[in-house]
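Okay, thanks everyone. Let me put the model up, and then I'll talk through a loop and the ligand site.

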Amino acid sequence: MRIAVLVSGSGTNLQAILDAARAGCLEAEVALVVSNKANAMALTRAHEAHVPSLVVSHKDYATREAYDAALVSALREHGVELVVLAGFMRIVTPVLLAAFPNRVLNIHPSLLPAFPGLDAQRQAFEAGVAVTGCTVHLVDGGMDTGPIVAQTAVVVRGDDDEATLRARILVEEHRLLPRVIQWFARGLVTIDHGRGVPRVVVAGQARGSFGEP
Ligand code: GRF
């Protein structure tokens, strides 16, 4: 399966995917990395892994739709079958979603639907929750909405600060995202439309787990 990873920043989730692919744990190939920022560390990671990468700057497009149309043509040119948003700080439009129906994934550092949007780890820390975590979900038109594919819970410790909590969630993100991509590569993921909201069904797999204590 040919995947694209869309990034804006440090790209540690991209690195986890590249490492899983290199270790032979992923029946997927990173066919393209796209960044909306020219200085993203993620581009260096792509380069070092000999993976094709592109900068598509949102500043070069008048509308979100025009930007997404440029993304779609790049993704199509590279034969991409699954699009993974990994720290991609852009809201995507129906232009991208219609081109890849139920094939756009996002990773978010909270147990959605709690704490959508920016700084989810800070939101969780400030709310004083005892458990937070990370979520991989299919992207729909909303902000961090869309059918949940998998989640890992992370316990908030008494001595945590925002940084330590963020770091432990990130460790779990790096485990969860390649696992979910592998489910897609194996064709294990289906959507059940029969019970109100669309629900993800993953054949033979637990969709929720607890991170390391
Ligand atoms: C991650 O916390 C991810 O959940 C969020 O943005 C961050 C990206 O980190 N969407 P990285 O660029 O993968 O290091």
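Let's begin with Pro113, which is in the loop between E5 and helix H5 (120–127); helices (H or I, at least four residues) and strands (E, at least two) are DSSP runs, numbered from the N terminus. The bond joining Leu112 to Pro113 is a cis peptide, with omega about 10°.

Quick housekeeping: this is a predicted model, where local features need pLDDT of at least 70, side-chain atom pairs count only at pLDDT 80 or more, and totals for chains, interfaces and linings use all residues. Residues are numbered from 1 along each chain as its sequence is written, and side-chain values use heavy atoms, with hydrogens and water left out.

Asn102 isn't a glycine, but has a positive phi of about 55°.

Now the ligand. Which residues are around it? They're Ser10, Gly11, Thr12, Asn13, Gly87, Ile107, His108, Pro109, Gln121 and Glu173, where being around it takes a heavy atom within 4 Å. Helix H1 (12–22) and strand E5 (104–108) each give at least two residues to that shell.

Why does the ligand lie between two domains? Because domain 1 (1–101) and domain 2 (109–137 + 148–213) both supply shell residues; those bounds come from an automatic or database domain assignment.

For polar contacts (N or O pairs within 3.5 Å), a ligand oxygen is 2.6 Å from a side-chain N or O of Ser10. A ligand oxygen is also 2.7 Å from a polar backbone atom of Gly11, and a polar side-chain atom of Thr12 is 2.5 Å from a ligand oxygen. The protein covers 83% of the 370 Å² accessible area the ligand has on its own, by Shrake-Rupley with a 1.4 Å probe.

Technical notes. Polar contact = N/O pair within 3.5 Å; in protein donor to acceptor, adjacent residues only side chain to side chain.
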